[in-house]
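I opened this notebook to keep track of what I look up in one structure. The entries follow the order in which I went through the model.

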Amino acid sequence: MSLTLFDTHAHYDARQFDPDRDQVLSALPGQGVELVVNPGCDLASSRKAVELAGRYPFLYAAVGVHPEDCGDWTQGQLDELRALAGAPRVVAVGEIGLDYYWKENPPRELQKQVFRAQMALAQELDLPVIVHDREAHGDSMDIVRAFPGVRGVFHCFSGSAELALELVALGWMISFTGVLTYQNARRAVEAAQAVPLERIMIETDSPYMAPVPHRGKRNHSGYTAHICERLAELKGITPEECARVTLENGRNFFGITG
C-alpha cells in the first residue's frame, strides 16, 4: 500500500533529531511523506523551523511561542515573530495556546495574554494558527471566540467530541496524532468519529507520541501512515482515500499550492 501523506505538525528543530536530522528528513519523501509543517515553540525553535524549511522542498514552517515557553514574554518577541512570519515558507502562527497541565508552567494569566497577542498577530498577517490546548478547554475557547476572523487548528486534539464539533462550527480544523492508535484513547476516537473528514488533519507531533506499533520510540513523519490507517478504519474508508482527503485538507488550510 502506497500512501501520499501530509504530516501537519512535527518538530524537527527538537534536540532529539540532532544526531541524524538530515538523514531522517531526507528519507521522508521515500516513505510517502509529501509535506510536513514544523511549528516553532519559542524564538529559537521558530528561527530553526524557518531555516530548515529553506533547505527541504517539502518542509514548511510555523512561528510562535508555546504556552510552556512564554515566561519571558516581551513586546520584542512579538516583533521578532512578525518579522519571522514574513519568511517565504512560513504558513502559520504556532504553536500557541494554553497549557494548564503542568503546575510549573507560566502563570495562567500570562499564558492567556501571550495567546491573545499571537492570535492578534495572526489576524494582522492573515495567517492560520496552530493551537495547543491542554487542560484549558474553556479558556482556549473563550480566546478563540474573541477572534472570529482567525482560522486555526486544535492540534493533538484532546477534547470531547462536543468541543470538536463546536470548533468545526466556528470554521476550525481538528488534528489527530498517534494517540488514535492507543488502547485508552476513547475521547480522541469519539472526536475523530464525530468530526467530518473534510475538517480533519493528521500529524505525528514528532519526536513525541509515536503511534502503535512504534509507541515509546522517537517519532518521525514516516509513521504518519499508521495514523492515517487508524483514522480510515474509524471512518470506514480506505487508507488511500483518507490520505488523499487529509492531504488536500492540509494544503487548503495552510495555503500550500503546487
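**Entry 1: a loop valine**

I started with Val-179, which sits in the loop between β7 (173-176) and α7. The model is predicted, and I keep that in mind for every entry below.

I then asked what Val-179 is in contact with, leaving aside its neighbours within four places in sequence. The list is Ala-185, Ala-188 and Met-209. I also looked up Val-189, 10 residues away from Val-179 along the chain. The C-alpha atoms of these two valines are separated by 8.7 Å.

**Entry 2: the largest pocket**

Next I turned to the open space. The largest pocket holds about 1000 Å³. It is lined by 35 residues, and I noted those closest to its centre: His-132, Arg-134, Cys-156, Asp-205 and Met-209. Met-209 is also one of the contacts I listed for Val-179.

Which elements each supply at least two residues of this lining? I wrote down β4 (90-99), β5 (129-134) and α7 (186-194). By class, I have 14 charged, 12 nonpolar and nine polar residues in the lining.

**Entry 3: the enclosed space**

How many cavities of 30 Å³ or more are there? I have one. The space in the largest cavity is about 30 Å³. Its lining is made of Val-131, Asp-133, His-137, Phe-154, His-155, Cys-156, Phe-157, Ser-158, Gly-159 and Leu-163. I sorted these residues into five nonpolar, four polar and one charged. Cys-156 is on this list, and Cys-156 is also among the residues closest to the centre of the largest pocket.

**Entry 4: Leu-163**

Leu-163 belongs to helix α6 (residues 161-169). Its relative accessibility is 10%, and the cut-off for buried is under 20%, so I count Leu-163 as buried.

Not counting residues up to four places away in sequence, Leu-163 touches Asp-133, His-137, Met-141 and Phe-157. Leu-163 and Met-141 are 22 residues apart in sequence, and their C-alpha atoms are 8.9 Å apart in space.

**Entry 5: nonpolar cores**

I looked up the largest nonpolar core, which has 64 residues. Which residues have the most contacts inside it? They are Met-119, Val-129 and Phe-157. Helix α4 (residues 108-125) gives the largest share of this core, seven residues. Apart from this core lies another one of 15 residues, including Phe-6, Val-37, Tyr-60 and Val-91.

Leaving aside neighbours within four places in sequence, I find Met-119 in contact with Ile-96, Val-129, Ile-143, Val-144, Phe-147, Val-150 and Trp-172.

**Entry 6: helix α9**

Helix α9 covers residues 239-254, 16 residues in number. From its first C-alpha to its last I have 22 Å, close to the 22 Å expected at 1.5 Å a residue. Which residues of α9 are buried? I list Pro-239, Cys-242, Ala-243, Val-245, Thr-246, Leu-247, Asn-249, Gly-250, Arg-251, Phe-253 and Phe-254. Gly-255 follows α9 and has a positive phi, near 70°.

**Entry 7: backbone exceptions**

Most residues other than glycine have a negative phi, and most peptide bonds are trans, so I checked for exceptions.

Asp-126 is not a glycine, yet its phi is positive, about 55°. Asp-126 lies in the loop between α4 and β5. Its relative accessible area is 61%, so I count Asp-126 as exposed, the cut-off being over 50%.

Glu-135 is not a glycine either, and its phi is positive, about 60°. I placed Glu-135 in the loop between β5 and α5 (137-145). With a relative accessible area of 54%, Glu-135 is exposed.

For the peptide bonds, I found a cis bond from Ser-206 to Pro-207, with omega near 10°. Another cis bond joins Val-212 and Pro-213, with omega about 15°. Pro-207 is in the loop between β8 (200-202) and α8 (224-235), and Pro-213 is found in the loop between β8 and α8 as well.

Terms used: Residues numbered from 1 in each chain as written. Predicted model: local features only at pLDDT ≥ 70, side-chain atom pairs only at ≥ 80, totals over all residues. Heavy atoms only, no water. Core = buried A, V, L, I, M, F, W, Y, C linked by side-chain atoms within 4.5 Å. Buried < 20%, exposed > 50% of the residue type's maximum accessible area, 1.4 Å probe, protein only. Helix = DSSP H or I, 4+ residues; strand = E, 2+ residues; numbered from the N terminus. Contact = heavy atoms within 4.5 Å. 1 Å grid on protein atoms, 1.4 Å probe; cavity = no way out; pocket = protein on both sides within 12 Å on 5 of 7 lines; lining within 4 Å. Points joined across faces, edges and corners; volume = space filled by probe spheres on them. Nonpolar A, V, L, I, M, F, W, Y, C, P; charged D, E, K, R; others polar. Expected span 1.5 Å × (residues − 1).
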